[in-house]
Amino acid sequence: MHIRYTMPLLWLWLPLAAGIIQAVIEVALDTRILEIIHSEYGPHELLEFIIITIAAVIAARIFFQMDRASNRWLTAWIGIAAFCCFYVSIEEMSWGQTVLRWNTPEFWAQVNVQDETNLHNTSTWLNQKPRILLEIGVAVGGLLIPCLRRYRPQWLPQRFAIIYPPSELTVTAGIFGIVKLLNLISHHIFDIRLFARPSEIGELFMYYFVLLYMMAMAQRLLPVRMRN
């Protein structure tokens, strides 16, 4: 199923432009400027927050307006998506600390590795492991499933067809995969640093993938009168 109601601007040209702009930034700007751009108070962090917050709002809207009684597992799927998006959203801004700039309480600073008022810097179970799950989700949903849909559709259970990401998301997933692969090759094989903060770049494209996915799910699950 395609993203019929969106223009190619959203799923093709915007992620491609973002990838090109990011490449130019990494090459052209000084390391100190790159550190500011990718810092906790930089534009990348703000853009990530905006993207995942919009995705959270769309997911919540789907959950409350969809026909929840007819499909329990689908309702649970959307509910989990909404919860995860909201969790990432508030954690990106450290529950408001990034904007309001309050001091981290002393007792919390002792358990938070970055001295911030958030949860994801207190445990790998709240940071790295959820990130790995999202990375796997982007790879499977954005690359593997479209490939199987094209060449081995019989391998995809039709029962879950409603939640398969549309093929257009391959562009965003592909850019994320390229960034991830280039960083692994450059760092572990050639011992060079291609990106100032590859984790932030990866998050930007992963969150955008989630946003496009939630837009596609809204198209599938909400009546036409509720989409506007």
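**Ground rules.** I number residues from 1 along each chain as its sequence is written, and my side-chain values use heavy atoms, with hydrogens and water left out. Because the model is predicted, local features need pLDDT of at least 70 and side-chain atom pairs count only at pLDDT 80 or more, while totals for chains, interfaces and linings use all residues.

**Largest pocket.** I looked up pockets, each an open set of points on a 1 Å grid over the protein atoms alone, where a 1.4 Å probe fits, with protein on both sides within 12 Å along at least five of seven lines; lining residues have an atom within 4 Å of a point. The largest holds about 1,300 Å³ of space, a volume being the space filled by probe spheres set on the points, which are joined across faces, edges and corners. I found 45 lining residues, with Cys-84, Val-88, Pro-130, Arg-131 and Leu-134 nearest the centre.

**Second largest pocket.** Here I noted about 290 Å³ of space and a lining of 13 residues, with Leu-14, Ala-18, Leu-47, Ile-51 and Leu-204 nearest the centre.

**Glu-135.** Is Glu-135 buried or exposed? I recorded a relative accessible area of 13% for Glu-135, which is therefore buried (under 20%; exposed is over 50%, partly exposed in between, with a 1.4 Å probe and protein chains only). The side chain of Glu-135 makes a polar contact with the side chain of Lys-180 at 3.1 Å (a pair of N or O atoms within 3.5 Å, where one must be able to donate a hydrogen and the other to accept it, and residues adjacent in sequence count only if both atoms are side-chain atoms).
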